[in-house]
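Me: I would like to go through this structure feature by feature. Please give the general idea each time, and then the case at hand.

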Amino acid sequence: MAVFDRYIGIDYSGAQTPTSSLRGLRVYMADRASPPCEVLPPASPRKYWTRRGIAEWLTARLVEDQLTLVGIDHGFSFPVWYFQAHRLSLDWSAFLDDFQRHWPTDDDNTYVDFVRDGTVGNGAVRIGDPRWRRLTELRAGAARSVFRFDGQGSVAKSTHAGLPWLRYLRRQAVGRVHFWPFDGWDIPTGRSVVAEVDPSLWSGSFMREGREPDQHDAYSAASWMRRADLDGSLAGFLNPCLAPAERVVARIEGWILGVT
């Protein structure tokens, strides 16, 4: 029996600023009865979503009385080596606060590269090594390090742009949302869920049907989550086979939904 009422897949982009209209930001939503359809931003001079706009729209959905599973395509945390190198508490909420203080990429006029260049924030004292990879990235095989900014398929920029907005969602929808697996592997009854996804795991399994790559990634995420919930396999993916020590690490680093 399905757990969730609806499914939202978000293909993310770390380009430009939080208020920039970006072609690479795409949102698809499905429910139990209907496959995913693209959700367009509210009518405005901006043709595409902004990161701020998505965060505000998603907050409104998460406080509604419909259990929602949200998959967002960027890293939700960093490898344990980052925590150790910067002597940080192994606590995800504290990590988000610390990151936003040094990488204020949710400020309206801030590019990720502004922080990288030292113009804004203090990113120089909170950097990571591109050789560091999370356990879930190692398990997935092809997933890139959250610190590798350059090259095809890199997720560093979208991750560094998106982390402050996870902090925003966590604060705005407190008590309504379970951030998996940071809040625990088991999801309390009556909670919506926000999880990290990598649409490349599934995009080849769904027909493109004329969708652009970013559209298809968001569509694939929503489609896979809906299918897994409806066929009963989602519970297994929310409880991946990990050794006890690996589960402790993954509660710190995060886990990509669908990686077994």
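Me: Which residues is Thr68 in contact with, leaving aside its neighbours within four places in sequence?

Reply: Contact means heavy atoms within 4.5 Å. On that basis, and with neighbours within four places in sequence left aside, Thr68 is in contact with Phe4, Arg6, Ile8, Arg61, Leu62, Ser192 and Val193. This is a predicted model, in which local features need pLDDT of at least 70, side-chain atom pairs count only at pLDDT 80 or more, and totals for chains, interfaces and linings use all residues. Residues are numbered from 1 along each chain as its sequence is written, and side-chain values use heavy atoms, with hydrogens and water left out.

Me: Is Thr68 buried or exposed?

Reply: Buried means under 20% relative accessible area, exposed over 50%, and partly exposed in between (1.4 Å probe, protein chains only). Thr68 has 0% relative accessibility, so it counts as buried. Thr68 lies in strand 4; helices (H or I, at least four residues) and strands (E, at least two) are DSSP runs, numbered from the N terminus.

Me: How should I read the side chains along strand 4?

Reply: In a regular strand the side chains alternate between the two faces of the sheet. Here Thr68, Val70 and Ile72 point one way from strand 4, while Leu69 and Gly71 point the other way. Five of the five residues of strand 4 are buried.

Me: What is the strand order of the sheet?

Reply: Strands of a sheet pair through backbone hydrogen bonds, either parallel or antiparallel. Two strands count as paired if DSSP finds at least two bridges between them. This sheet is open, has six strands in the order 3-2-1-4-6-5, and shows mixed pairing. Strand 3 (37-38) and strand 5 (177-179) stand at the edges with a single partner strand each, so one side of each has no neighbour in the sheet.

Me: Which strands pair in the antiparallel sense?

Reply: Strand 1 (residues 6-11) and strand 2 (residues 26-31) do, over six bridges. Within that pair, Arg6 has Asp31 of strand 2 as its bridge partner, and Tyr7 stands opposite Ala30. Strand 2 and strand 3 also run antiparallel, joined by two bridges. Tyr28 stands opposite Glu38 in strand 3, and a hairpin of five residues joins strand 2 to strand 3.

Me: What partners does strand 4 have in the parallel sense?

Reply: Strand 4 pairs in the parallel sense with strand 1 over five bridges and with strand 6 over four bridges. Gly71 can be followed through both pairs: Gly71 is the bridge partner of Gly9, and in strand 6 the bridge partner of Gly71 is Ala195.

Me: Which strands does helix 1 lie across?

Reply: Axes are lines fitted to C-alpha atoms, for helices over the stretch in contact, and angles run from 0 to 180 degrees between N-to-C directions. Helix 1 (residues 51-62) lies across strand 1, strand 2, strand 4 (68-72), strand 5 and strand 6 (192-196). The helix runs at about 170 degrees to strand 1.

Me: How many cavities of 30 Å³ or more does the structure hold?

Reply: On a 1 Å grid over the protein atoms alone, a cavity is a set of points where a 1.4 Å probe fits but cannot get out; lining residues have an atom within 4 Å of a point. Grid points are joined across faces, edges and corners, and a volume is the space filled by probe spheres set on the points. The structure holds one cavity of 30 Å³ or more, and the largest cavity has about 70 Å³ of space. Its lining includes Tyr12, Arg51, Ile72, His74 and Trp165. Helix 1 and helix 6 (156-172) are the elements that give two or more residues to that lining.

Me: Where is the cis peptide bond at Pro181, and what is its omega?

Reply: The bond runs from Trp180 to Pro181, with omega near 0 degrees. Pro181 is in the loop between strand 5 and strand 6.

Me: What is the phi of Gln16, and where does Gln16 lie?

Reply: Gln16 has a positive phi of about 55 degrees although it is not a glycine. Gln16 is in the loop between strand 1 and strand 2, and is partly exposed at 37% relative accessible area.

Definitions and conventions: On a 1 Å grid over the protein atoms alone, a cavity is a set of points where a 1.4 Å probe fits but cannot get out, and a pocket is an open set with protein on both sides within 12 Å along at least five of seven lines; lining residues have an atom within 4 Å of a point.
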